[in-house]
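Please report on the fold of this protein chain. Cover the backbone, the strand pairing and the core.

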Amino acid sequence: MPRREDDAAPHVPMRMCVICRERRHKATLSRHVKDEQGNLIIDATMTRPGRGWYVCDRPECLTRFAKFRPGARRKGGKNV
Ligand SMILES: [Zn+2]
């Protein structure tokens, strides 16, 4: 796949904040995963299996992320 990130060091992993959608270094983001109850919990070790959601360290993103509901089930398919 072609790479278009000439402005970033190629070896630094980048992740997108799910709130502001800004791409940041992985080190400045926190990873969250769902626990068995479907609650988002912080993945302090960054190694939990499954889907992860990254949030940057901005206070407003962290606040908004508290209300973030990933994977909300869409009944009936396309209703966006
Ligand atoms: Zn953010």
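## Backbone, strands and core

Arginine 21 is exposed, because 9 other C-beta atoms lie within 10 Å of its own and a residue with 12 or fewer counts as exposed. This is a predicted model. Arginine 21 sits in the loop that joins strand 1 (14–16) to strand 2 (23–25). Its phi is positive, near 60 degrees, and arginine 21 is not a glycine.

Methionine 46 also calls for a look at the backbone. Its phi is positive, about 60 degrees, though methionine 46 is not a glycine. The residue belongs to the loop between strand 4 and strand 5. Methionine 46 counts as partly exposed, because it has 14 C-beta neighbours inside 10 Å.

Now the overall layout. The protein chain holds one helix and five strands. Read from the N terminus, the order is β-β-β-β-β-α. The chain has 80 residues, and 11% of them count as buried. Among contacts with a separation of 6 or more, 38% join residues 24 or more positions apart.

| Strand pair | Sense | Bridges | Residues standing opposite |
|---|---|---|---|
| Strand 3 (residues 30–34) and strand 5 | antiparallel | three bridges | Arginine 31 and tyrosine 54 |
| Strand 3 and strand 4 (residues 40–42) | antiparallel | three bridges | Histidine 32 and isoleucine 42 |

Strand 3 and strand 4 make a hairpin. Five residues lie between the two strands. In the turn, glycine 38 has a positive phi of about 85 degrees.

Next, the core. Which residues make up the largest nonpolar core? There are eight: Cys17, Leu29, Trp53, Tyr54, Val55, Cys56, Cys61 and Phe65. Two elements give two or more residues each: strand 5 (53–55) and helix 1 (59–65). Strand 5 supplies the largest share, three residues. In soluble globular proteins, nonpolar side chains tend to be buried together.

What does cysteine 56 contact, leaving aside its neighbours within four places in sequence? The partners are Cys17, Cys20, Glu22, Arg24, Thr28, Leu29 and Cys61.

Notes: Residues are numbered from 1 along each chain as its sequence is written. This is a predicted model: local features need pLDDT of at least 70, side-chain atom pairs count only at pLDDT 80 or more; totals for chains, interfaces and linings use all residues. A nonpolar core is a set of buried Ala, Val, Leu, Ile, Met, Phe, Trp, Tyr and Cys residues joined through C-beta atoms within 7 Å. A residue is buried if 20 or more other C-beta atoms lie within 10 Å of its own, exposed if 12 or fewer, and partly exposed in between; C-beta atoms are placed from the backbone. Helices (H or I, at least four residues) and strands (E, at least two) are DSSP runs, numbered from the N terminus. Two residues are in contact if their C-beta atoms, placed from the backbone, lie within 7 Å. Two strands pair if DSSP finds at least two bridges between them.
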